[in-house]
Structure formats: C-alpha cells, structure tokens
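Please look at the sequence and the structure before reading on.

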Amino acid sequence: AHHDLKANLTEELYAELSFFEIATLLAFRIFEQQQAAFQVLEVGLGGRWDASNISDPLASIVVSVSRDHKEYLGDDLLGILGEKLAISRPGRPLFWGAQGEVMEEPGVEAFIERHIQSSCSILFRRGQDFFATDHTLVIQLPGLGKLELPLHGITRDLPQYLRNNLSLAVAFYHWHAVQHPSGAWPGLREIWPEFCEGRQTAPITLAGRSQRVISRSLPARKFLIDVCHNPDGARAFARAIHDFYPQKKLPAYVSILKDKDCDTILDILRSVLHPVILFGIESERSWDLANLATRHRNLPFFASLEEAWQMTVSPGYSPSEPWAICGSVAAVGFALKRMKVSPKELSLASIISGDWSPHAD
C-alpha cells in the first residue's frame, strides 16, 4: 500500500509529508480498498493539527483532557481543551466525556459553550445527556427519548472511569443507530444483552485498562494490569484499585518510560500499591532511575519482570492474592507476552470483565 501511495504522489509532495501524514493516508487508502462501512479514527497528540483531522467525521468524541506531552502541548489545560475540541464539525455532534484535570479548571464550562457557539456543533455532555450509575447506563439525548440499560454480565465489575467511557461509546452508538437506521446498526436494546455476554472477539485497543488476567506461565495466578502511562491514567487506576480493595494496598510491579512524569505517577500509584517493585523492559525508552526523586530511589529495581518475580515473592505468598502490573503500554505488552496471553485471542468478556472477579476473593 505504501508503494502504491508513493507512486500516486509527486516527489515534491511526498517529500513534504510527515510520518503521521503518510500513515494517515495509508489508513484511508486501506479503508477505501476494503470498502469499510465506517471508520473510527483515534486522534493523536493535539487534535486541531493532527493528520486525522483532515477527515470530515459524522461525529466527534473527546473522552477527557489532562496534561501530557507537555513538550508539544504546553501546560495550559483550557488551551489543550481547545485543540481537542477542534475535531468537532458544524451541525454534527460532539460527545464530551467531562473527565480529566481540565474539569478542575475555572471557566471550563463557559469555554466549552463558547466553542459550541463558534463551531456550530451540537454538544452531548456526559453527566447530562448520558451517564453511568453503579447499576445502569442512562442515555437521554435531546429528541431521542430516554434509554436505560442495566449494567450486568461483563459490565458488572467495571471501575467508574470505564463505566464513564462505556457511556460515551453507547451514547454515540445510540445516536448513530437512530439517525442513520440500517441493518448494520441495530438498536441498542437489541444488541445489549448479547454485548453483556461478551462472547465476541474484542478489539485489541480495549486491553490493559484495569484488566484482570490469570497468568498462563508466571507462578502467580492473578494480575490486575493497567496502561496508566501518565498522571491522569494513574489517578484513574488508583481509584479503581481503591474501589476494588478499599481496605488494603496491592503489591505491584511498575515500569514507566523515561520521557514520562515518573515521580508524579509513582506518587499516585504508591497511595494504593505496596510494596512497589520496579522493573525494566527491553527498550531504549525504559526509565532512567538516576533521575527519580529521592523519595522513590529506595524502591527495589530489577532488569526484567521475570527477575523481579523470582526475587520478590516469598514462600508464604498466596496465589489467590492479586498483584498489579502497570506503568506503560510497553510494560503491559511485555507482561502479557511473558504470561503467554495474546490480546488478539481474548473475548470481550475476558478483556472487559476479566478472568477473575475482585468480589470473589
């Protein structure tokens, strides 16, 4: 596909394209060749200037806004929010997840309202037009009636932030199924019971968010894994652990990439994890321990997850006690590989509900 793309562009134009612009064009070409019924585009660092924003989407979704990639996006949360909201389109819905550090910023609601007025897009807001309670998803988009869906089956043990994210996806699906009726998009009431059974193969991108895995190779049986690679992700994971285990801390293996805010992430994780054992991964981006704050330098470190496991588990350890593995997407990927767990082979039930329940201990 890359060769065909290059052949169809002038040398001058091709030379000007960035890696991300080429990757986006290749994706569009593949979607076209496969005659895809629809496309889901994940926007990159910013939004406004991301290569994928050349598209003309039916609807846009902004899940949350927090500080990350400060070297590119800066430190101004409302400014970052403005860049993210720029993926919206006139006359089309913008689903706003109302999550992240930006929610603590003064004037955030007025900022969003000004954007909606200037962009002429249609705002659907979590907490007002759709939301999740402990037991129910409520969808009440203007003009589309009210829909309540019970959280059961694979959705029963979802931590709050994942219930919030699910409400976003469900709200978009409901809007699309009503506004563009076709056999390819059956109604939510029709598909919900089957979805909650979770027998379908899961998209690989759902793996690694408060996911409960039973190892197929390492001696320990239960792991709670999360790709919390920035402070906001760490806060969400910490809240999930607290919800699952309000009276105790979990032992954990942690590996963070060196270009991340390692000290802040460790501060957050250590509020719910103990002991915290650090491990490295086979990557030049694996963290630089010399740059850790003094308060974290006493944490034990091992070159690999296998070595960490062999050197830290006592003879009296109970296999029923879960351990956390978290810190970066790369670390979770290495851990799953070592555990002989392939996300491509997992069902929705395995990824969303997990291989074990925190309430069964």
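## The nonpolar cores

A nonpolar core is a set of buried Ala, Val, Leu, Ile, Met, Phe, Trp, Tyr and Cys residues joined through side-chain atoms within 4.5 Å. The model discussed here is predicted. Its largest nonpolar core has 56 residues, and those with the most contacts inside this core are Phe95, Trp192, Tyr253 and Ile325. Helix 7 (residues 160-179) supplies the largest share of the core, 9 residues.

Strand 12 covers residues 323-326. In a regular strand the side chains alternate between the two faces of the sheet. Strand 12 has Trp323 and Ile325 pointing one way, while Ala324 and Cys326 point the other way. All of these residues are buried.

Which strands pair with strand 12? Strand 8 (residues 222-226) pairs with strand 12 in the parallel sense, over 4 bridges. Here Leu224 has Ala324 as its bridge partner. Strand 9 (residues 250-254) also runs parallel to strand 12 and is joined to it by 3 bridges.

## Phe95 and the aromatic pairs

Phe95 lies in strand 2 (residues 93-96). Leaving aside neighbours within four places in sequence, Phe95 is in contact with Ala59, Ser60, Ile61, Val62, Phe124, Phe130, Leu141, Leu168, Ala171, Phe172 and Trp175. Phe95 is also part of an aromatic cluster with Phe38, Phe124, Phe130, Phe172, Tyr173, Trp175 and Trp185.

The structure holds 14 aromatic pairs. In one of them, Phe95 and Trp175 are edge-to-face, with 6.4 Å centre to centre and 70 degrees between the planes. This pair links distant parts of the chain, since Trp175 is in helix 7, 80 residues apart from Phe95. Both Phe95 and Trp175 are buried.

Trp309 and Trp323 form an edge-to-face pair too, at 5.9 Å centre to centre and 70 degrees between the planes. Trp309 lies in helix 11 (residues 305-312) and Trp323 in strand 12, so the pair ties together parts that are 14 residues apart in sequence. Trp309 counts as buried because its relative accessibility is 7%, and Trp323 counts as buried because its value is 5%.

## Two further buried residues

Is Leu336 buried or exposed? Leu336 counts as buried because its relative accessibility is 4%. Its place is in helix 12 (residues 329-338). Beyond neighbours within four places in sequence, Leu336 is in contact with Val213, Ile225, Val341 and Pro343. The C-alpha atoms of Leu336 and Arg216 are separated by 9.5 Å, although these residues are 120 residues apart along the chain.

Ser286 lies in the loop between strand 10 (273-279) and strand 11 (301-302). Why does Ser286 count as buried? Its relative accessibility is 14%, and buried means under 20%. The side chain of Ser286 reaches the backbone nitrogen of Ile281 at 3.3 Å. With neighbours within four places in sequence left aside, Ser286 is in contact with Ile256, Leu257, Lys258, Gly280 and Ile281.

Key:
Residues are numbered from 1 along each chain as its sequence is written. Side-chain values use heavy atoms; hydrogens and water are left out. Buried means under 20% relative accessible area, exposed over 50%, partly exposed in between (1.4 Å probe, protein chains only). Helices (H or I, at least four residues) and strands (E, at least two) are DSSP runs, numbered from the N terminus. Two strands pair if DSSP finds at least two bridges between them. Contact means heavy atoms within 4.5 Å. A polar contact is a pair of N or O atoms within 3.5 Å; within protein, one must be able to donate a hydrogen and the other to accept it, and residues adjacent in sequence count only if both atoms are side-chain atoms. Rings of Phe, Tyr and Trp (its six-membered ring) pair if their centres lie within 6.5 Å; planes under 30 degrees apart count as stacked, over 60 as edge-to-face and the rest as tilted.
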